Amino acid sequence: MALDDGNIRKALIDRLSRLSRAPKAILEELRVHNGNAIADVVAVYSTAHCYEIKGDNDSVQRILRQSRFYDLAFNKTTLVTTDKQLEKALRLAPPHWGIMRARQREAVVTLSYVRSASPSPAFDKRLALLTLWRSELVELALSIPLVKVEKMNRSQLSGLIASALPDAVLSKDIGEKLLSRHLQATKLRTI
């Protein structure tokens, strides 16, 4: 039986939520870089960590395109894949990406690290900001003195914010906005 995205995703989210240092939020299907890529799972700590899932029948080759966008938008990215895809993943994944192996024994999917993720050398805070909605960017821009943001578009806002805030502050702010979005969505689902 093929190990697919859904089974791997469920195991990954379960594992992330049970970590001693669990993320503040776990997001699924997050649009990145104006929708040029969609991150399967994003764990929000003080910064966001992207997890891209490739099951037995997925194309690992797609990470060549996706990695350009993930590397710009996330400090860290981890590829989660299967034994069937592992050799190709090791060849194609950027060296700073983490790689996790998913294995299925009967109905249980287990995950183990092949290598840990390290910071992306291509991280671009302006492009990372484009994971945020315009309203979230406006909120961040309001902390910058003497700026009129009403008529600025997302690209202009992200450029302004990126030039005004240091990397560490910006990464934390992006994480907080994604967390806030997640909490609001969760609240709306319970109403």
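Strand E3 (residues 48–54) of this predicted model is mostly covered, with seven of its seven residues buried. Buried denotes under 20% relative accessible area, exposed over 50%, and partly exposed the range in between, for a 1.4 Å probe and protein chains only. Strands (E, at least two residues) and helices (H or I, at least four) are DSSP runs numbered from the N terminus. Both faces of E3 are covered: Ala 48, Cys 50, Glu 52 and Lys 54 are buried on one side, and His 49, Tyr 51 and Ile 53 are buried on the other.

Two strands are taken to pair if DSSP finds at least two bridges between them. Strand E2 (residues 37–44) pairs with E3 in the antiparallel sense over four bridges, and Ala 43 stands opposite His 49 in E3. Three residues lie between E2 and E3 in the hairpin that these strands form.

E3 also runs parallel to strand E4 (residues 76–82), to which it is joined by six bridges; Thr 77 in E4 is the bridge partner of Cys 50. From E3 the chain passes through helix H2 (residues 63–73) to E4 in a right-handed β-α-β crossover, that is, the path from the first strand over the helix to the second runs clockwise when the strands point away from the viewer.

Lys 10 is located in helix H1 (residues 5–17) and counts as exposed because its relative accessibility is 66%. Its C-alpha atom is separated by 21 Å from that of Ala 37, 27 residues apart along the chain.

Residues are numbered from 1 along each chain as its sequence is written, and side-chain values use heavy atoms, with hydrogens and water left out. Local features need pLDDT of at least 70 and side-chain atom pairs count only at pLDDT 80 or more, whereas totals for chains, interfaces and linings use all residues.
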